[in-house]
Every structure is written in C-alpha cells, then in structure tokens.
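Please examine the structure shown below. The paragraphs that follow lead through a helix, its packing and the aromatic pairs.

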Amino acid sequence: MGEPAENEHDVGGDEVSTARSMRVAAALARKGGDEFVKPGRLVEVRFVKGQSLSLTSSRLLALMILTAGGDAWQDITHRMRKADIRRGHKGNERIGDMLEELHRTLFAEDDTSWRGKRTTKRFNLIQASWEEVEEVGDGGKETGWIEWQFTPDARRLIQESETYAVMNRQAVLGFRSAYALKLYEEGALRLHRRQPVWKVDMVGLRAALGIDPDKYGDFAQLRRKVLTVAKTEIDQLAHYTVEWQEIRRGRAVTEIEFRFAPKDAPAQIATVDELGRHSTGRKARREDAVEEVVAIESALPRSDAVDSAAVADVLKRVTASLATPESSAGVNAEPWARFPRGKLHFGVTENAAREIGLRHGGGWDVDLIADAYREHMGDRLNTLSGSKLEKSWKGFCEAFLTRRGRPS
C-alpha cells in the first residue's frame with residue numbers, strides 16, 4: 001500500500017510530455033486493484049475561504065480522478081457508471097447534488113498578475129458534467145452513467161504534478177469525516193519523502209481541510225472535533241499513522257506539525273483486513289468495544305423441557321469460552337492453534353489455512369503465499385493462535401494480492 005517504485009511505472013511513447021504522477025497513475029490503472037494516484041498539485045490546492053466539499057462530494061471527486069487515471073490531464077470527456085459511485089454512498093443520496101456541489105466549489109492557488117504582482121487565483125475543477133436520467137434497466141438493475149470534463153486549470157495542475165499521493169479506494173470510501181479524508185490525502189502525499197512532515201499555520205490548515213472560519217474558533221474544539229477524529233480514522237484505515245505537535249506563541253496555537261509514519265507489516269495486514277470488512281461496527285472495532293455474540297440457543301439440549309441444571313451447564317461453558325482467545329475463531333478453534341509448518345494439503349489445520357488462501361489469495365499458489373507469510377512473520381508466528389492467527393493469515397493473503405496483483 002506504499003508508494004510504487006518509480007522504475008515500475010516508466011513508460012515510453014507519446015506519454016513523455018506527461019508528468020511523473022500521470023505515468024504512475026497509468027501504471028496503477030493497468031495493474032488494477034484499489035490503489036490510485038492523486039496528483040500532488042491537486043492535493044495541495046486549497047479551498048477558497050468559507051468553502052469546502054462535503055464527504056460524499058470529496059469521495060466522488062476521488063473516484064473521478066481514479067477513473068480518469070493517466071488520462072486525467074487530457075482535454076477529453078471521462079465517464080463512469082453510476083453504480084460504481086453508489087457503492088460508496090447510501091442509496092438515497094443524489095449523484096446530481098454531488099456533481100452540482102463540485103461545479104460550484106471554488107479552489108485557490110497563489111499566482112502572479114500581468115504586472116508581476118502576487119495574486120490569488122480562484123477556479124473550479126469540473127468544467128462540465130452529464131448525468132443520464134434513465135438509470136434503471138430490466139430487472140431493476142442500475143445502468144446509468146455520468147460523464148465529465150476537468151477544467152483547463154485542473155488539467156494544468158494535474159499535468160504539472162511531479163509529486164503524487166498513492167491512495168486506496170476502499171480507504172477513501174471508508175472515511176466518515178471529510179476532514180479525515182483530506183488529511184489522509186496530505187499524509188499520502190508526504191509519506192515517502194525524506195522528511196514526512198506537514199507544517200502548516202492555522203489559516204493554511206483551515207484552507208487545506210475546508211474548515212469553516214466560523215467553526216471551532218476555540219482550538220480545543222478544533223482538536224477534539226477535527227484532529228482527533230481524523231487521527232483515529234486514519235490510524236485505522238490508512239497504510240500509515242499520523243501524529244501532530246502544536247506550536248504555540250504564548251498561549252495560542254499558531255502552527256501544527258503533522259508527522260506521518262508507515263505502519264509495520266502486522267499493522268498493515270490488520271488495515272487490509274479492516275478495509276475488507278463491512279463498515280458496520282467499524283467505530284466499535286476502532287474503540288475496541290466490539291461485543292461478543294454467543295449463540296446460546298444452539299448449545300441448549302434439543303428438548304421442549306430444559307431444566308435449570310442444563311442451562312447452568314451451558315452458561316458455564318459459554319463463560320469459559322469467552323475467556324479463551326481462540327473462541328472467536330469458530331466452534332472448532334483447534335485448526336488455529338498454530339500455523340501449519342508444511343504444505344497446505346493435508347490435515348485439519350492445513351485445510352482451514354488452504355481455504356483462506358484460495359479465497360483471498362487471488363489465484364496465487366497457497367504454498368507460495370504460506371512460505372512468504374512464514375518468512376515475513378518469523379518468530380512472531382509462534383505467538384499467534386486462535387482468531388488472531390486466522391485474521392493475520394487472511395490479511396496477509398489479501399496484502400499479497402494487493403502487492404503482486406493477480407498471476408498472469
């Protein structure tokens with residue numbers, strides 16, 4: 001989930017005139033998967049004072065950039081299925097409203113006037129858009145499309161961008177705070193620099209994140225409502241973590257220095273696993289407040305008359321199972337006592353691991369993935385058992401597929 005090596009994405013032909021960000025975007029598009037590029041100049045462009053994008057419109061803009069890929073800089077029309085947009089939104093949200101919000105939102109950048117004076121240039125990112133009205137086909141299946149064109153200013157920024165942020169589609173769609181999504185973009189842009197730091201004053205922070213000038217005037221509120229919320233979501237869904245330091249002049253906070261650090265391998269595996277899970281319960285998982293659900297009924301004797309002694313026996317066994325880490329792995333936790341040492345072909349443990357490898361490994365040989373997993377985990381593999389081992393193995397299979405793509 002990190003920044004691709006440059007030599008993986010060098011291309012020839014008539015793309016020589018495009019910036020490095022577009023060459024990487026084209027390479028990721030050919031590779032497939034959830035990773036995509038947002039050009040650095042688009043990440044760093046700031047909102048005009050008092051304006052911002054809602055979370056849904058921010059997601060739509062990200063999907064537009066993902067869909068356009070390495071052609072985003074060209075003066076052409078791009079198109080996308082409306083069903084692909086709704087995958088990241090509630091069904092009752094109108095795509096037309098999001099498009100109109102993108103049309104009317106102004107961005108700003110520093111520029112120079114015809115006299116050589118410093119100026120602020122204001123512009124839109126979307127020049128024109130088309131939304132099909134008839135969008136439901138036979139059998140109620142959604143078939144509508146949207147089309148759009150980026151403005152000349154947006155295409156100029158895209159074409160000039162030598163830096164870029166590699167982002168994950170599932171992470172973008174998983175954020176529940178627009179501020180978290182914007183800070184995620186800022187971090188992804190800086191993560192692989194020699195100094196992965198973003199130092200910004202309060203005016204610049206508000207302009208970058210789209211924080212209304214009339215909101216969170218007290219910094220304690222801004223810290224609680226914006227920064228803390230953004231950090232908790234990024235730490236859960238991104239391939240890196242974020243910390244910040246508040247720089248004060250007297251008692252007032254005048255600047256903030258954000259530091260971004262890549263997650264280690266186990267944490268990245270946990271992130272991939274989380275992105276593959278349903279968003280329901282994500283906040284509870286983030287706060288470590290997930291409740292165990294135990295099917296007591298299935299453990300009771302099959303009889304119309306259940307005596308108190310039988311109920312007491314079941315409750316005793318249930319209570320004991322909740323105290324056992326392996327209990328959440330399923331009715332039979334034995335397969336996950338330890339990871340198989342040999343080939344994933346024979347035995348209860350091997351069959352359980354093989355099934356996960358086949359399901360989540362994207363067609364790669366499961367023994368190849370298992371060897372890579374053992375090498376990656378090393379001595380730590382001996383400390384895992386039960387549900388933690390099962391989730392770690394599943395997450396590694398998904399991460400292996402993300403890194404390597406599908407076998408040709």
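**An enclosed helix and its aromatic surroundings**

Of the 13 residues of helix α8, twelve are buried, so the helix is largely enclosed by the rest of the structure. In this predicted model, the buried residues of α8 include Tyr 179, Leu 183, Tyr 184 and Leu 189, but also Lys 182, Glu 185, Glu 186 and Arg 190. Helix α8 covers residues 178-190, and at 1.5 Å a residue it should span 18 Å; its end C-alpha atoms lie 19 Å apart, which agrees. At the start of α8, a side-chain oxygen of Ser 177 comes to within 3.2 Å of the backbone nitrogen of Tyr 179.

Leaving aside residues up to four places away in sequence, Tyr 184 touches Met 167, Asn 168, Ala 171, Val 172, Phe 175, Ile 234, Ala 238, His 239 and Tyr 240. The largest nonpolar core has 40 residues, and those touching the most other members are Tyr 184, Leu 205, Leu 222 and Phe 258. A second, separate core contains 36 residues, among them Val 24, Leu 61, Leu 63 and Phe 123.

Tyr 184 also belongs to a cluster linked by ring pairs, together with Phe 175, Trp 198, Tyr 240, Phe 258 and Phe 260. With ring centres within 6.5 Å as the criterion, the count comes to 13 aromatic pairs. In one of these, the rings of Trp 198 and Phe 258 have centres 5.4 Å apart and planes at 20°; since stacking requires planes under 30 degrees apart, the pair is stacked. Trp 198 lies in strand β9 (residues 197-201) and Phe 258 in strand β11 (residues 252-262), so the pair ties together parts that are 60 residues apart in sequence. Both Trp 198 and Phe 258 are buried.

The rings of Tyr 373 and Trp 393 form a tilted pair, because their centres are 5.3 Å apart and their planes stand at 55°. This pair links distant parts of the chain, with Tyr 373 in helix α16 (residues 366-377) and Trp 393 in helix α17 (residues 386-404), 20 residues apart. Tyr 373 counts as buried at 0% relative accessibility, and Trp 393 is buried with a relative accessible area of 0%.

Most residues other than glycine have a negative phi. Tyr 216, although not a glycine, has a positive phi of about 55°. Tyr 216 is found in the loop between α9 (202-209) and α10 (219-237). With a relative accessibility of 18%, Tyr 216 counts as buried, because the cut-off for that class is under 20%.

Key
Residues are numbered from 1 along each chain as its sequence is written. This is a predicted model: local features need pLDDT of at least 70, side-chain atom pairs count only at pLDDT 80 or more; totals for chains, interfaces and linings use all residues. Side-chain values use heavy atoms; hydrogens and water are left out. Rings of Phe, Tyr and Trp (its six-membered ring) pair if their centres lie within 6.5 Å; planes under 30 degrees apart count as stacked, over 60 as edge-to-face and the rest as tilted. Helices (H or I, at least four residues) and strands (E, at least two) are DSSP runs, numbered from the N terminus. Buried means under 20% relative accessible area, exposed over 50%, partly exposed in between (1.4 Å probe, protein chains only). A nonpolar core is a set of buried Ala, Val, Leu, Ile, Met, Phe, Trp, Tyr and Cys residues joined through side-chain atoms within 4.5 Å. Contact means heavy atoms within 4.5 Å. The expected span of a helix is 1.5 Å times one less than its number of residues. A polar contact is a pair of N or O atoms within 3.5 Å; within protein, one must be able to donate a hydrogen and the other to accept it, and residues adjacent in sequence count only if both atoms are side-chain atoms.
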